[in-house]
Amino acid sequence: MKRAIFPGTFDPFTIGHYSIVLRGLNFFDEIVIGIGVNQSKKTLFTIDKRLEIIQQAFANEPRVKVASYNSLTVDFALSVDAGFVLRGLRSVGDFEYERTIADANRKLTNVETVILFTEAEYSYISSTVVRDLYMFGKDISTFLPPNVKL
Ligand code: ADP
């Protein structure tokens, strides 16, 4: 059984994240989406709301699970018996950050990082932009996965 985690803050989980997970299911048997709870990072959506959005998005996909964690990402991977970390890459801006974390994770354990390039149509979508639109009262449904009701 090939199991990966897909870690992130997901404040909120966007259609860009959704697309990465769906594509990941083509080569992983199971993906555990891990919402990292970082005390020093202030978020707009509560943990419960972030969990609910992801549960709604994957209500019909039993191979996707979701959990929150407040440990190191690699420790979370080991705790759910996952050998892989799945991440998405939008731009060169993401690259250096992802490489540093992937190198550190591999040094600590033998957990491998698998990175997928974002589909071009989603490469400009970030949780930050979606939060800003939401805070100014805009309809963000086109930026969220299908079937999600806020
Ligand atoms: P983090 O705080 O760990 O960066 P995010 O919730 O912002 O968490 O992102 C989680 C993962 O999803 C990261 O690998 C990020 O690069 C990726 N990601 C974010 N937005 C998109 C997008 N629009 N398309 C594909 N991948 C994305």
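Author: Arg-3 is placed in strand S1, where helices (H or I, at least four residues) and strands (E, at least two) are DSSP runs, numbered from the N terminus. The model is predicted, so local features need pLDDT of at least 70 and side-chain atom pairs count only at pLDDT 80 or more, while totals for chains, interfaces and linings use all residues. Residues are numbered from 1 along each chain as its sequence is written, and side-chain values use heavy atoms, with hydrogens and water left out.

The side chain of Arg-3 makes a polar contact with the side chain of Glu-30, at 2.9 Å. A polar contact is a pair of N or O atoms within 3.5 Å; within protein, one must be able to donate a hydrogen and the other to accept it, and residues adjacent in sequence count only if both atoms are side-chain atoms. Glu-30 belongs to strand S2, residues 30-36. In sequence, Arg-3 and Glu-30 are 27 residues apart, yet in space their C-alpha atoms are 4.8 Å apart. Arg-3 counts as buried because its relative accessible area is 16%; Glu-30 is also buried, with a value of 12%. Buried means under 20% relative accessible area, exposed over 50%, and partly exposed in between (1.4 Å probe, protein chains only).

The shell around the ligand receives at least two residues from each of strand S1 (3-8), helix H1 (15-24), strand S4 (84-89) and helix H4 (92-108). In total, 17 residues surround the ligand, a residue being near a molecule if one of its heavy atoms lies within 4 Å of it. The closest residues are Thr-9, Phe-10, Gly-88, Tyr-122 and Ile-125.

The loop between helix H3 (73-79) and S4 contains Asp-81. Phi of Asp-81 is near 60 degrees, a positive value in a residue other than glycine. Asp-81 counts as exposed because its relative accessibility is 60%. A positive phi, near 75 degrees, occurs at Asn-147, again a residue other than glycine. Asn-147 lies in the segment after helix H5 (127-135), and Asn-147 is exposed at 57% relative accessibility.

Charged pairs complete the account. A search of the whole structure finds 9 salt bridges, a salt bridge being a side-chain nitrogen of Lys or Arg within 4 Å of a carboxyl oxygen of Asp or Glu. One of them joins Arg-90 to Asp-94, with 3.0 Å from N to O. Arg-90 is partly exposed, at 40% relative accessible area, whereas Asp-94 is buried, at 15%.

Another salt bridge links Glu-52 with Lys-49, whose closest N and O atoms are 3.5 Å apart. Both residues lie in helix H2 (residues 47-57), where Glu-52 and Lys-49 are 3 residues apart, about one turn of the helix. Glu-52 is partly exposed, at 34% relative accessibility, and Lys-49 is partly exposed, at 21%.

Some of these bridges are joined together: Asp-103, Arg-106 and Glu-112 are linked in a network of salt bridges. Within this group, the closest N and O atoms of Glu-112 and Arg-106 are 3.9 Å apart. Glu-112 counts as partly exposed because its relative accessibility is 36%, and Arg-106 is partly exposed at 38%.
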